[in-house]
Amino acid sequence: FMSILEEEDQFPDDHFSDARPFLNKVRVEGLFLEVAEMVALKQSLESLTAIVRFFHGKDERYPRLTAQAGDIQLFPYILQRLDSIVSRHGSIKDTASPELGDIRHRLQRKQNGISRRMQALLQQAQTEGWAEKDTSIAIRDGRMVIPVPSAYKRKINGIVHDESATGKTSYIEPAEIVETNNEIRELELEEKREITRILRRFAEDLRPYVDDLIPAYDFLAYIDFVRAKAAFSLYIEATVPAFSERPEMFWYSARHPLLWLSLKNSDKNIVPLKIEIDETQRIILISGPNAGGKSVCLQTAGLLQYMFQCGLPVPVSEASRFGIFKKILIDMGDEQSIENDLSTYSSHLINMKNFLRYGDENTLILIDEFGTGTEPMLGGAIAEAILKTLNQKQVKGVITTHYTNLKHFAAETTGIENGAMLYDSHRMLPLFELCIGKPGSSFAFEIAKKIGLPKEILEDAASKIGEDHINYDKHLKDIARDKRYW
């Protein structure tokens with residue numbers, strides 16, 4: 001469908017109306033379609049006919065869509081009947097029945113006659129000085145009236161229909177026009193009755209076809225749905241990646257579609273993501289500073305995988321490869337609940353319990369801020385034990401964390417790989433780039449320093465945490481600096 005939108009000019013792309021609700025209404029004896037519904041039915045049936053004709057003979061190019069279109073029944077009789085009743089402007093044609101044509105012809109004659117007579121009466125009133133020179137005929141309650149100053153309303157023989165808000169102007173229907181206006185009103189009611197009769201007769205003609213029309217509209221809905229997916233895919237510059245039978249992710253130049261759309265009209269550029277997850281590198285543990293892009297990286301992984309499994313093209317390079325996961329288990333955001341008496345950490349642990357229970361080699365897990373929400377030493381220890389078990393269960397996943405013990409564990413464990421969100425330590429700015437193979441520093445002291453926390457507080461904090469911890473972060477930065485230098 002993406003190639004249809006890009007290459008074909010003849011594909012009908014308007015009037016995708018859902019006629020099923022009012023087709024079901026017509027099933028009831030005595031009910032009929034309103035004029036607006038008739039127009040929608042006519043336009044959508046024309047689109048349906050054009051779509052089926054478009055796919056005719058295109059088996060080689062669009063085999064699946066052509067096969068779907070081949071089963072659809074067309075309704076030339078219904079279209080012909082609609083065409084004889086409804087105009088393209090959404091009104092009932094004069095030729096819908098001989099009676100309607102006659103009524104409208106008489107109505108037109110009466111209206112022309114009354115219009116000329118009213119114009120003459122208005123000019124006479126202006127000549128006599130009973131009406132303003134720049135006055136024109138007005139309509140009140142569907143009847144033609146002459147606006148005159150209230151002081152002269154007795155001068156014109158007729159019925160006062162209305163007055164202006166100030167009471168200075170009265171709207172008078174001249175007596176000699178009243179009878180003709182009554183005749184016009186009667187003809188209008190007659191026209192209404194005739195239109196209702198035409199609509200009832202059409203509903204009777206349509207009723208036997210309803211059961212055949214419903215599947216045709218199911219097809220139109222399907223085409224509209226696929227077209228919407230294709231149009232969105234082109235809008236976000238998505239591609240159809242290679243498909244793998246194994247649960248794995250080999251993504252290159254992956255972009256979060258909504259983030260890309262929000263940055264598209266600004267001068268900012270999105271930093272594409274590279275993720276590789278397979279049997280040997282099952283879990284990627286992403287660390288790095290706050291606001292460095294860890295959560296966006298995680299959300300991109302979840303969203304693109306789910307888009308792919310919903311049959312949507314994804315914004316990645318064509319060299320990418322996607323597998324299918326039977327389960328996608330997610331722990332993101334704050335799930336604390338007043339009703340269930342759950343703290344943030346309790347809800348996080350309940351999720352972990354379910355991950356351990358249901359996780360297997362066909363599962364993708366996505367965990368944001370793994371282990372946080374409780375005392376760091378204890379939370380880190382529990383997180384490490386959970387991570388160890390998840391790894392043993394062969395689950396695949398992306399996890400973000402700040403915990404140093406988890407970074408150590410990932411470095412020493414087969415199947416888990418450290419990843420870092422890169423950070424420019426000179427300019428103190430995140431680069432939003434994921435680098436697999438090394439842990440990231442949280443740059444907590446540097447960020448605190450940049451924000452302007454007093455020097456003595458930072459020194460006090462450094463003395464409390466101990467040299468080992470400070471040195472670990474320092475060594476990570478030194479390695480990054482040396483690597484850049486060499």
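**Helices and a sheet**

Guide: Helices H5 and H7 are roughly antiparallel to each other, because the angle between them is over 145 degrees. Keep in mind that this is a predicted model.

Visitor: At what angle do H5 and H7 pack, and how far apart are their axes?
Guide: H5 (residues 76-85) and H7 (residues 175-206) pack at about 175°, and their axes are 11 Å apart.

Visitor: Which residues meet there?
Guide: From H5, Tyr77, Ile78, Arg81, Leu82 and Ile85; from H7, Ile198, Arg201, Phe202, Asp205 and Leu206. The residues of this contact comprise seven nonpolar, three charged and no polar ones.

Visitor: Next, the sheet. What is the strand order?
Guide: The order is S10-S11-S12-S8-S13-S14, in an open sheet of six strands with mixed pairing. S10 (327-331) and S14 (429-436) are at the edges with a single partner strand each, so one side of each has no neighbour in the sheet. On average, neighbouring strands are turned by 15° against each other, direction ignored.

Visitor: How many bridges join S8 to S12?
Guide: Four, between residues 283-287 of S8 and residues 396-400 of S12, and these strands run parallel. Isoleucine 286 has threonine 400 in S12 as its bridge partner.

Visitor: Which helix lies across S10?
Guide: H11 (residues 344-358), which lies across both S10 and S11 (363-367) and runs at about 160° to S10.

Visitor: Back to helices. What span should H8 have?
Guide: At 1.5 Å a residue, its 26 residues (210-235) should span 38 Å, and the end C-alpha atoms are 37 Å apart, which agrees. H8 is followed by glutamate 237, which has a positive phi near 55°.

Notes. Residues are numbered from 1 along each chain as its sequence is written. This is a predicted model: local features need pLDDT of at least 70, side-chain atom pairs count only at pLDDT 80 or more; totals for chains, interfaces and linings use all residues. Side-chain values use heavy atoms; hydrogens and water are left out. Helices (H or I, at least four residues) and strands (E, at least two) are DSSP runs, numbered from the N terminus. The expected span of a helix is 1.5 Å times one less than its number of residues. Two strands pair if DSSP finds at least two bridges between them. Axes are lines fitted to C-alpha atoms, for helices over the stretch in contact, and angles run from 0 to 180 degrees between N-to-C directions. Contact means heavy atoms within 4.5 Å. Angles under 35 degrees count as roughly parallel, over 145 as roughly antiparallel, 65 to 115 as roughly perpendicular and the rest as oblique. Ala, Val, Leu, Ile, Met, Phe, Trp, Tyr, Cys and Pro count as nonpolar, Asp, Glu, Lys and Arg as charged, and the others, Gly among them, as polar.
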